[in-house]
Amino acid sequence: ADIKEHKIKILIRRAGPNYVEGLRKVKVASDKLGLGIKVYGPETHITAVIPMALGLTPELPEPDLSVACGPPVRQLIPVTGKKAAGGKIPPPPSKHTIV
């Protein structure tokens, strides 16, 4: 009840052995309880779920779990407004070797 009351969004990304069966079971339980859980398999990169959950990128369509699937096909995640790591300018080259 708290999940629905507070409108908590749940996104699950699963891969590995029997991932399709696991995602199917989660989706069936989600639909039965009316939770609206979104499920993704190995076709979705694991780090793609975070920006979707935060609302920074649009949610990708869920995979079709009703059919047998072959190897995952991944798509690149569009990046906008890319900044340098940490926002710092790298130091100028030097003669010293850091080991």
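Lys-9, Lys-38 and Glu-59 are joined in a network of salt bridges, a salt bridge being a side-chain nitrogen of Lys or Arg within 4 Å of a carboxyl oxygen of Asp or Glu. The model is a predicted one, in which local features need pLDDT of at least 70 and side-chain atom pairs count only at pLDDT 80 or more, whereas totals for chains, interfaces and linings use all residues. Residues are numbered from 1 along each chain as its sequence is written, and side-chain values use heavy atoms, with hydrogens and water left out.

By the salt-bridge rule the count is four. Helices (H or I, at least four residues) and strands (E, at least two) are DSSP runs numbered from the N terminus. Lys-38 is partly exposed, with a relative accessible area of 28%, and Glu-59 is likewise partly exposed, at 32%; buried means under 20% relative accessible area, exposed over 50%, and partly exposed in between (1.4 Å probe, protein chains only).

In one of them, Lys-27 pairs with Glu-62, the closest N and O atoms being 3.2 Å apart. Lys-27 lies in helix α2 and Glu-62 in the segment after α3 (49-53), so the contact ties together parts that are 35 residues apart in sequence. Glu-62 is partly exposed, at 28% relative accessibility. The other salt bridge is formed by the side chains of Glu-21 and Lys-25, at 3.3 Å from N to O. Both residues lie in helix α2 (residues 19-33), four residues apart, about one turn of the helix. Glu-21 is partly exposed at 42% relative accessibility, while Lys-25, with a relative accessible area of 54%, is exposed.

The largest pocket has a volume of about 390 Å³. A pocket is an open set of points on a 1 Å grid over the protein atoms alone, where a 1.4 Å probe fits, with protein on both sides within 12 Å along at least five of seven lines; lining residues have an atom within 4 Å of a point. The volume is the space filled by probe spheres set on the points, which are joined across faces, edges and corners. Seventeen residues line the largest pocket, of which Glu-43, Thr-44, Leu-60, Pro-61 and Gln-75 lie nearest its centre. The lining comprises eleven nonpolar, four polar and two charged residues.

How values were computed:
Nonpolar A, V, L, I, M, F, W, Y, C, P; charged D, E, K, R; others polar.
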